[in-house]
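Have a look at the model first.

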Amino acid sequence: MADEEDDIILADLSDEELVEQMFDDLYDGLKEEIEESVNILLERGWQPYDILTKALVGGMTIVGNDFRDGILFVPEVLLAANAMKGGMFILKPLLISTGAPRVGKMVIGTVKGDIHDIGKNLVSMMMEGAGFEVVDLGINNAVDSYLDAIEAEQPDILGMSALLTTTMPYMKVVIDTMVEKGIRDDYIVLVGGAPLNEEFGKAIGADAYCRDAAVAVETAKTFVGRKHNQLAAG
Amino acid sequence: MTSLPDDTTLTDAGLAARGDGRVLVIACGALAREILALKDANGWTHLDLTCLPAILHNHPEKIVGAVRAAVERNRSDYDQVFIAYGDCGTGGLLEAACAEMGVEMIEGPHCYSFFEGNDAFAARDEITAFYLTDFLVRQFDAFVWKPLGLDRHPDLRDMYFGNYDRLVYQAQTDDPALTAMAQRCADRLGLAFERRFTGYGDLAQDLKGWATG
């Protein structure tokens, strides 16, 4: 099997075969192959946005589904994400220059007291892949950090992440402060992280808990679509 | 001395109760050695111990169910049952389950906290430290290196540990060989190393209360 794969010359594959191969290469976390394939598709005249959505996001969705179903584990997802990052690095400047559609804007960060950012980084990358502009605040964010960012950036969505049961209650502190300031309903608040669940998301007043990066993208699209419809109707 | 299975057995299978005491402690396998040392040192012959697989540490969502099953399986054979777990990533669910079952557990978020003493640990407020105990140093590969896939993909190390700045070895015992092993763990993770002697911390107080209360 490995020998067969070694024999594959990416440039000889048809577009359809190459996208299929990119799905496999993402699944296997092969960064160099992904970078090569992205460049091949660009040379063939593909739009950067199409490469991103059809090949990279498509492939990562398969990875996300298999992670959800217990077929893949965190190390494999990280390798896949790393491979996607390689492709994104090539595409990102091209996406900006070609005026790819922007679905919405998100401010995202890991909460105060928590330095874990693997999940958050994955969500950021997938959101960018889905056409969102993402402002990533990094780790260990206090209330003011979130509030300053949403005031400055005016995003559609605020995303908060936590890996620890000791830090996840801080999400409620942020949401409660937004309520106090009368700005809670101006933003869609999405939360995620390994120890969270839907019940927790509801209890703290978030709009939704997102189980994984793929769910975060779908949830974000749904909520932003709804918000735009409400604005249009209003 | 109470006999103790090897660390791998404590990690994967835990420890069965002997069935010969009035008080049962249901503990994480990572605490077996420490609890039996305290039992032997204090002559608590009426205290029996059973341990759940220590690897549940990596799967906190399974802890509450496993503790519930152990309580139900054993409680009719003892006068009293105690739970030697902290919250351990259950997000308050273990505390709620213990309250519902009418059994006492250890106060504190996790063993790193109660080994150092909950107040002292909280006061440090150090978020960039990665902790290991005696048990976790000995079982570093089983709990850290392999589950994170670092045995197969060492290049992932900085994605996991890039935001940490040091490994704190909370030593329950004075063991130069274990300290050297902990230092090697820090080196492998690319972190600075600090050894902190904690002894048994709040665990000793809680066990004393349970054994003599």
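Q: How do you know that the span of helix 11 of chain B agrees with 1.5 Å a residue?
A: This is a predicted model, and the check runs on its C-alpha atoms. The expected span is 1.5 Å times one less than the number of residues. Helix 11 of chain B (residues 201-212) has twelve residues, so it should span 16 Å, and its end C-alpha atoms are 17 Å apart, which agrees.

Q: Which residues of helix 11 of chain B are buried, and what covers them?
A: The buried ones are G201(B), D202(B), L203(B), D206(B), L207(B), W210(B) and A211(B). Their cover includes three strands of chain B, namely strand 1 (23-28), strand 2 (47-52) and strand 3 (80-84). It also includes helix 2 (32-42), helix 5 (111-116) and helix 6 (118-124) of chain B.

Q: What makes D12(B) count as exposed?
A: To be exposed, a residue needs 12 or fewer other C-beta atoms within 10 Å. D12(B) has 12 C-beta neighbours inside 10 Å, so D12(B) counts as exposed. You'll find D12(B) in helix 1 (residues 7-12) of chain B.

Q: Which residues is D12(B) in contact with, leaving aside its neighbours within four places in sequence?
A: Those are P53(B) and I55(B). Along the chain, I55(B) is 43 residues from D12(B), yet their C-alpha atoms are separated by 6.2 Å.

Q: Why is L163(A) called buried?
A: The cut-off is 20 or more other C-beta atoms within 10 Å. L163(A) has 22, so L163(A) is buried. As for where to look, L163(A) is in the loop of chain A between strand 3 (157-161) and helix 8 (170-180).

Q: What is L163(A) in contact with, beyond its neighbours within four places in sequence?
A: L163(A) is in contact with D114(A), H116(A), G193(A) and A194(A). And if you pick out I115(A), 48 residues away along the chain, its C-alpha atom and that of L163(A) are separated by 8.5 Å.

Q: How do you know that chain B agrees with a compact globule?
A: Compare the radius of gyration with the rule. For 213 residues, a compact globule would come out near 17 Å, and chain B has 17 Å, so the two agree. Its C-alpha atoms fill a box of roughly 50 × 35 × 30 Å along the principal axes. Of the 213 residues, 40% count as buried.

Q: What does the secondary structure of chain B come to?
A: Eleven helices and seven strands. In UniProt, an unreviewed entry lists residues 51-205 of chain B as "domain: DUF1638". That span is 45% helix and 17% strand, and its end C-alpha atoms lie 19 Å apart.

Q: What are the domains of chain A, and how far apart do their C-alpha centres lie?
A: The domain assignment gives domain 1 (2-97) and domain 2 (104-233). Their C-alpha centres lie 27 Å apart. The contact takes 13 residues from domain 1 of chain A and ten residues from domain 2 of chain A. On the domain 1 side, the largest share, eight residues, comes from helix 4 of chain A. By class, that side has nine nonpolar, two polar and two charged residues.

Q: How many residues does the contact between chain B and chain A take from each?
A: There are 15 residues from chain B and twelve residues from chain A. The chain B side has six nonpolar, seven polar and two charged residues.

Technical notes. Residues numbered from 1 in each chain as written. Chains lettered and ligands numbered in written order. Predicted model: local features only at pLDDT ≥ 70, side-chain atom pairs only at ≥ 80, totals over all residues. Helix = DSSP H or I, 4+ residues; strand = E, 2+ residues; numbered from the N terminus. Contact = placed C-beta atoms within 7 Å. Domains from an automatic or database assignment. Nonpolar A, V, L, I, M, F, W, Y, C, P; charged D, E, K, R; others polar. UniProt positions renumbered as here; feature names shortened; annotations may be inferred. Rg over C-alpha atoms; globule rule 2.2 N^0.38 Å.
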